[in-house]
Amino acid sequence: MWFFAGMSVDLPSTKPYLIRAIHEWCCDNAYTPYLAVMVDARTRVPREFVRDGQIVLNVGYDATKSLNIANDSITFQARFGGVAREISVPISNVAAIYARENGAGMAFEPEGEAVSADAPALEEAAAEHGSEPPP
């Protein structure tokens with residue numbers, strides 16, 4: 001929040017712009033962009049791949065279909081174990097974007113709650129999406 005002449009101004013987040021920039025940099029340089037995501041009830045991912053409240057997703061163009069990195073969420077389709085899944089990640093839950101090959105990228109302070117903190121809501125969300133909640 002910035003203050004100008006006695007009034008506060010909320011600036012829009014730079015996070016989605018930085019994520020898009022690192023993604024583009026990875027793709028332009030033949031690196032594989034990975035997202036580290038904190039999983040909560042708002043995060044639509046295959047729960048069986050969630051570990052310690054997080055999931056790492058390959059968001060390269062070869063691994064995704066209809067990738068959209070918007071200002072509020074990242075959505076795409078991807079295959080997990082040969083099964084196509086719809087993925088939706090709130091921007092606030094992105095903990096990092098980096099190149100798999102060398103780890104170069106950027107980490108963020110995630111604003112979402114971790115899986116372990118929201119187990120009842122996760123079970124409900126998993127039931128809605130036909131998947132199992134994480135252990």
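Q: Which residue in E6 does Lys65 stand opposite?
A: In this predicted model, Lys65 stands opposite Gln77 in E6.

Q: How do you know that E5 and E6 count as a pair?
A: Two strands need at least two bridges between them to pair. E5 and strand E6, residues 73-80, have 3 bridges, in the antiparallel sense, so they pass that cut-off.

Q: What makes E5 and E7 edge strands?
A: The 3 strands form an open sheet with the order E5-E6-E7 and antiparallel pairing. Strand E5 (65-69) and strand E7 (83-90) each have a single partner strand, so each has one side left without a neighbour in the sheet. On average, neighbouring strands here are turned by 25 degrees against each other, direction ignored.

Q: What packs on the sheet, and which strands does it touch?
A: That's helix H1, residues 15-28, which touches E5 and E6. The direction of H1 makes about 135 degrees with that of E5.

Q: Why are Cys26 and Cys27 not called a disulfide?
A: A disulfide needs two cysteine sulfur atoms within 2.5 Å. For Cys26, the nearest cysteine sulfur is that of Cys27, and it is 6.6 Å away.

Q: What makes the phi of Ala30 worth a look?
A: Most residues other than glycine have a negative phi. Ala30 is not a glycine, yet its phi is positive, near 60 degrees. You'll find Ala30 in the loop between H1 and strand E3 (33-38).

Q: How do you know whether Ala30 is buried or exposed?
A: Its relative accessible area is 67%, and exposed means over 50%, so Ala30 is exposed.

Q: What about Ser66: where is it, and what is its phi?
A: Ser66 is in strand E5. Its phi is positive, about 60 degrees, although Ser66 is not a glycine.

Q: Why is Ser66 called exposed rather than buried?
A: Ser66 has 53% relative accessibility, and the cut-off for exposed is over 50%, so the label holds.

Definitions and conventions
Residues are numbered from 1 along each chain as its sequence is written. This is a predicted model: local features need pLDDT of at least 70, side-chain atom pairs count only at pLDDT 80 or more; totals for chains, interfaces and linings use all residues. Side-chain values use heavy atoms; hydrogens and water are left out. Helices (H or I, at least four residues) and strands (E, at least two) are DSSP runs, numbered from the N terminus. Axes are lines fitted to C-alpha atoms, for helices over the stretch in contact, and angles run from 0 to 180 degrees between N-to-C directions. Contact means heavy atoms within 4.5 Å. Buried means under 20% relative accessible area, exposed over 50%, partly exposed in between (1.4 Å probe, protein chains only).
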